[in-house]
Amino acid sequence: MPVRTPDPDPDERDDDGNPRDPLGGMTSFGTPSQGTSANPGWLSDIELAEARRRMPMLYVEAVPVRTDGVGTVTEVGILLRATPVGEITRTIVSGRVRYGETVRDALFRHLENDLGPMAFPLLPPQPTPFTVAEYFPMPGLSAFHDDRQHAVSLAFVVPVTGTCEPRQDALEVTWMTPAEACSDSLASEMEGGRGTLVRLALASVGALR
């Protein structure tokens, strides 16, 4: 499950200039890299690579949707994203859960990172995933593959009501009908088996016909 949206800068601050890190001065795995003192839960590239070799990584993924007045899914938001090696691919909102971060907060953070602050996602008081996707570096163990790591992903369908303005390496959001989002042609453009995840998402909300 290559994550094409990097986590925000480890020294990010809120509107009042205060560090967003919920852990205060607690120490983290290994030694924080220089410049990450505001977020001791942040892993350097070397520490992240070591962690990926030793344990499963926890992710959240979200399929953004638009609904009508009775809650029926009318459109599905698929991201167009540039990879670090210059490839263009289709994907969904995805990212790691930080140490000390709730699943709800991680989900909101990645939705805002990918879709912009005016997307206005509608998260329920207690988010419940429609499925748990298991990504393995070894092909064939599941429908999902990530050659970097073993990752466990909590996957959600999230209605958005605002204007989406993709940020970071997300180039645009393409809004498709449920039938278009479940097509074989789109699945062939999505990495790691995420076409299957989109179909599971729409099946979970009764949007497949």
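## Arg148 and its partners

The side chains of Arg148 and Tyr59 are joined by a polar contact of 3.5 Å. This comes from a predicted model. Arg148 sits in the loop between β6 (144-145) and β7 (151-159). Is Arg148 buried, exposed or partly exposed? The residue is partly exposed, because its relative accessible area is 31%, and the buried class ends under 20%.

Pro137 is 11 residues away in sequence, yet the two C-alpha atoms are 6.0 Å apart.

## Overall build

The protein has 209 residues, and 46% of them count as buried. Five helices and eight strands make up its secondary structure. Read from the N terminus, the order is α-β-β-β-β-α-β-β-β-β-α-α-α.

The accessible surface comes to about 10,600 Å². Carbon and sulfur atoms account for 54% of that surface.

Helix α1 covers residues 45-54. Its buried residues are Glu47, Leu48, Ala51 and Arg52. Viewed down the axis of α1, they fall within an arc of 135°, so they line one face of the helix.

What do these buried residues pack against? Their partners are β1 and β4 (93-96). The face turned away from the buried side carries Asp45, Ile46, Arg53 and Arg54, which are exposed.

Helix α5 spans residues 194-204. Arg194, Gly195, Leu197, Val198, Ala201 and Leu202 are buried there. These residues lie on the same side of α5, because they cover an arc of only 160° around its axis. Gly206 follows α5 and has a positive phi, near 70°.

Glu61 belongs to strand β1 (residues 57-67). Its relative accessibility is 1%, so Glu61 counts as buried. Arg194 is buried too.

## Aromatic rings

How many aromatic pairs does a search of the whole structure find? The search finds one. Tyr135 and Phe144 form this pair, with 5.2 Å from centre to centre. The angle between the planes is 45°, and the pair is tilted. Tyr135 is buried, with a relative accessible area of 0%. Phe144 counts as buried because its relative accessibility is 9%.

Phe144 lies in strand β6. Which residues does Phe144 touch, beyond those up to four places away in sequence? The set includes Ala133, Glu134, Tyr135 and Phe136. Gly192, Gly193, Thr196, Leu197 and Leu200 also touch Phe144. Thr196 is 52 residues from Phe144 along the chain, and their C-alpha atoms are separated by 8.3 Å. Leu197, another of these contacts, is one of the buried residues of α5.

A further ring, that of Trp175, has an arginine over its face. The arginine is Arg66, at 4.3 Å from the ring centre.

Phe108 lies in helix α2 (residues 103-115). Its relative accessible area is 37%, so Phe108 is partly exposed. Leaving aside neighbours within four places in sequence, Phe108 is in contact with Pro121 and Leu123. Val158 is 50 residues away along the chain, with 9.9 Å between the C-alpha atoms of Val158 and Phe108.

Phe120 is in the loop between α2 and β5 (131-136). Most residues other than glycine have a negative phi. Phe120 is partly exposed, with a relative accessible area of 43%.

Methods: Residues numbered from 1 in each chain as written. Predicted model: local features only at pLDDT ≥ 70, side-chain atom pairs only at ≥ 80, totals over all residues. Heavy atoms only, no water. Helix = DSSP H or I, 4+ residues; strand = E, 2+ residues; numbered from the N terminus. Buried < 20%, exposed > 50% of the residue type's maximum accessible area, 1.4 Å probe, protein only. Areas by Shrake-Rupley, 256 points an atom, 1.4 Å probe, with all protein chains shown as cover. Arc of directions from axis to C-beta. Phe/Tyr/Trp six-rings, centres within 6.5 Å; stacked < 30°, edge-to-face > 60°. Lys NZ or Arg CZ within 6 Å of the ring centre and 35° of its normal. Contact = heavy atoms within 4.5 Å. Polar contact = N/O pair within 3.5 Å; in protein donor to acceptor, adjacent residues only side chain to side chain.
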